[in-house]
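Biologist: Please take a close look at a single part of this model, a pair of helices and what surrounds them. One connected account will do.

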Amino acid sequence: MKLKTRILISFFVIILLPLVLAGVALMGFTSLQLSNLERQYKIDEMAFGMMLVMNSKSYSVALIKENSIVSLSQSCTSCVKAIKNALIDAKELVERKSQSENFVNDGMIADIMVSDSPIPFCDATRELIENGVTAIIQPGGTENDDEFIQYCDERGIVMIFTGMSHLTS
């Protein structure tokens, strides 16, 4: 990765993400589960994904892997539809890349999933987790959050609830 890019991403992670999370915490809206975070690059990817969905159209989902956008689904009519579209796009990308001679399939579609709206616990989220998603950032606030948290805890998935929606028009 180029040094300038690394410095820019580090700026977002070191300066902006803690300010956003601290601001959310001060307002009393947050519940953070960070126990499974292993490396700085994962925090970088999460900050990058957060910046993407905060500046995308409503009901956006970003899938990130190795500091790259795997899929960005935006302007959907629901979060479930955004997740399904992102999953389909990511699978198509893996299929296209698999035709390349030097492609090594590690079985992971994406590493990070970021959403600007609460993520319901559905088949598409289960499939993303089964295909390699290890961290999720979302506002939270659905009826089945407890079930989703338990499912993620059993699989060692990092889940961050920001407590505030970033929906834009």
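Modeller: The axes of α4 and α5 come within 12 Å and cross at roughly 15°; axes are lines fitted to C-alpha atoms, for helices over the stretch in contact, and angles run from 0 to 180 degrees between N-to-C directions. The two helices are therefore roughly parallel to each other, a term for angles under 35 degrees. This is a predicted model, in which local features need pLDDT of at least 70 and side-chain atom pairs count only at pLDDT 80 or more, while totals for chains, interfaces and linings use all residues. Residues are numbered from 1 along each chain as its sequence is written, and side-chain values use heavy atoms, with hydrogens and water left out. Helices (H or I, at least four residues) and strands (E, at least two) are DSSP runs, numbered from the N terminus.

In the contact (heavy atoms within 4.5 Å), Thr125, Arg126, Ile129 and Glu130 of α4 meet Glu147, Phe148, Tyr151, Cys152 and Arg155 of α5. Helix α5 spans residues 145-155, and its buried residues (under 20% relative accessible area, 1.4 Å probe, protein chains only) are Asp145, Phe148, Tyr151 and Cys152. Seen down the axis of α5, these fall within an arc of 125°, so they line one face of the helix; the arc is that of the directions from the helix axis to the C-beta atoms. Their cover includes α4 (123-130), β5 (135-138) and β6 (158-161). On the other side of α5, Asp146 and Glu154 are exposed, meaning over 50%. Just after α5, Gly156 takes a positive phi of about 75°.

Notes. Parallel < 35°, antiparallel > 145°, perpendicular 65-115°, else oblique.
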